[in-house]
Amino acid sequence: MHTPLRLARVYRIIGLTILTIGLFAGAAPASASTGSGWLRLAHLSPNTPAVDVYLYSFHNPKALVVVHHVAYGTVSGYQKIPSGEYTVAMRKAGAPSSSPPVISTTVDIHVGAAYTVAGMGPADGLRLRVLRDKLVTPRGKALVRIIQASLSQHLVTLRAGHSLLARNVPFASVTSYHVVKPGTWVVSARGQTEHTSSTITLTAGTIHTIVVLDSPGDIRLDDLVDAAGSKVAPAGAPATGYGGTAPRPGGSDLPWLILAGAGVLVSIVGVRKATRPAGAHALGGGRSAGTS
Amino acid sequence: MTYQAGPRRPGQPASREVGSEWAGLLPGRRPPPKHRRPRTRRRVAQSAGIALVASGVLAVALGLGGWTLAALSGRSEVAKPSAGGIGQVPVPRGIGARPPGPSGRRRVARPVKLVIPAIRVDTKLIRLGLTSVHTLQVPVSAAIAGWFTGSPRPGATGASIIAGHIDSQSGPGVFFSLHKLRPGERVYVTRANRSVARFRVTAVRQYAKDRFPTAAVYGPVPDAELRLITCGGSFDYATGSYLSNVVVYAVLVR
């Protein structure tokens, strides 16, 4: 009886291990992938000198992230952070972290959402704007929005090829997203005195922000990819299996387990029969004889 | 193991004494050989017991053996790599892939190879498009994986899609052990220019096919991510299809 007992123990341990792994598999991804959003930081104020940007978890005086010497025209990559309330503060580059910030704002990061916090406007009217960045495109289309950050050209008109993207966008403003036919476009920006153009590929399923920036004696365009997905989402669910390792139909474990269970019962009966004292046998026999 | 019911009188066989005692206690007449019965019964009972134990043990062994075989039948090659050699899969070396810059304009080369040391996957990547009914094309061979050319290249901004089979009609496929990946484990994609994009697994999920989360899998994301897709759950022999998909979510390591 040792072998089946040991086997049973082995199977119990295997069963527990599988359950434990299952529990962890259920618990771990939840904390790893849910409950976070994305944040990126930008300096888009033409006549504001470089700044140090601080990111604080709300009410926590210790900064989570410090980005030093962020100059005009700089946009960080997205950082994945847990959802919740944060404070973004800008200090003059090199200023001590204990000094009062030039400007600060709070941003509420929602699960699965993306935000851009940008310092905008002229130096004497600097504001921190919290922009909610889109993460969904219409099927087979691209999305484009404009951030007008050129102080030298107060109104700028943008076109993709011959189609109008936005007319007379004022300095320090942000347009809503425009639906654009995918393709490679010559995007032109025309202000009162300056104009520029840039070849930009807008792939289906991508979301872009085009920033109009002052460049010494000129303006220029910066194309930011906010987010990207598949050009066209495939229909349905992928058929990625032929079933060669799937359990055969009717190949249930149940008959085998019933056989094993019956074996255990038969063994117990056998052991009791073989080891029962003679008196018990005799009495048992006698009783049956008496009742028959 | 005593069969002695009481003190034995010298010179008298135990069985006889016991038998005669009972004969007096029991009503009705007993046939003459009855007094020998206890020993016979004892032997019969003993051998019957041993036979029962033996058959019981045999049944337990058969049952557990059959159960084990049934459980492992298809999945018996778990430990064996479905592609590449036996043993550890070496981590690919190459130019470290830089994460996409804020502009996201950096072009990355197309992916040619996928390595997942934790589940011993080492496969070349073919190109996958869409079928005539707009579903995701899947590799003809179950031994290799493919990159969906409609998705961003691995390492560029966005969710890059790589699909592979869990099995062929006869055995495990390249993504047979995909469901065993755990958050934190590494995935390496080598590009045509020999640069390597390193990804960290963030989640492993299983979805019923009729509730496949198209937006979460194929939709836009702001960072460089990777989705590894295969089948899972139970297999429907009527339709010749698995009923679920396993999706591994991974993010580029900065």
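**Close-up 1. A salt bridge in chain B of the predicted model**. Lys113(B) and Asp122(B) form a salt bridge, with their closest N and O atoms 3.9 Å apart. Lys113(B) is partly exposed, at a relative accessible area of 30%. Asp122(B) is partly exposed too, at 23%. Side chains of opposite charge can pair when their charged atoms come close.

**Close-up 2. A salt-bridge network in chain A**. Arg40(A), Asp133(A), Arg145(A) and Asp226(A) are joined into one network by salt bridges that share partners. Over all chains, the structure holds 6 salt bridges.

Close-up 3. Asp133(A) sits in strand β8 of chain A, and Arg145(A) in strand β9 (residues 142-149) of chain A. The two residues are 12 residues apart, and the pair links distant parts of the chain. Both Asp133(A) and Arg145(A) are buried.

**Close-up 4. The pair Arg145(A) and Asp226(A)**. Their side chains meet in a salt bridge, 3.6 Å from N to O. This pair also links distant parts of the chain: strand β9 of chain A holds Arg145(A), strand β17 (residues 218-228) of chain A holds Asp226(A), and 81 residues separate them. Arg145(A) has a relative accessible area of 3%. That value is under 20%, so Arg145(A) counts as buried. Asp226(A) is buried as well, at 0% relative accessibility.

**Close-up 5. An open sheet of 4 strands in chain A**. The strand order is β4-β1-β7-β8, and the pairing is mixed. β4 (79-82) and β8 (127-133) stand at the edges. Each has a single partner strand, so one side of each lacks a neighbour in the sheet. On average, neighbouring strands are turned by 30° against each other, direction ignored.

**Close-up 6. Strands β1 and β7 of chain A**. β1 (residues 36-44) and β7 (residues 114-120) run parallel and are joined by 7 bridges. Leu44(A) has Met120(A), in β7(A), as its bridge partner. Strands of a sheet pair through backbone hydrogen bonds, either parallel or antiparallel.

**Close-up 7. A nonpolar surface patch with residues from chains A and B**. Trp256(A), Leu259(A), Leu58(B) and Leu62(B) form the patch, with about 360 Å² of accessible area together. Two elements give two or more residues to the patch: α2 (254-275) of chain A and α2 (37-72) of chain B. Leu259(A) lies in helix α2 of chain A. Leu259(A) is partly exposed, with a relative accessible area of 30%.

Note on methods. Residues numbered from 1 in each chain as written. Chains lettered and ligands numbered in written order. Predicted model: local features only at pLDDT ≥ 70, side-chain atom pairs only at ≥ 80, totals over all residues. Heavy atoms only, no water. Patch = residues over 30% accessible without salt bridge, like charges linked within 9 Å, V, L, I, M, F, W, Y side chains within 5 Å. Areas by Shrake-Rupley, 256 points an atom, 1.4 Å probe, with all protein chains shown as cover. Salt bridge = Lys/Arg side-chain N within 4 Å of Asp/Glu carboxyl O. Buried < 20%, exposed > 50% of the residue type's maximum accessible area, 1.4 Å probe, protein only. Pairing = 2+ DSSP bridges. Axes fitted to C-alpha atoms, helices over the stretch in contact; angles between N-to-C directions.
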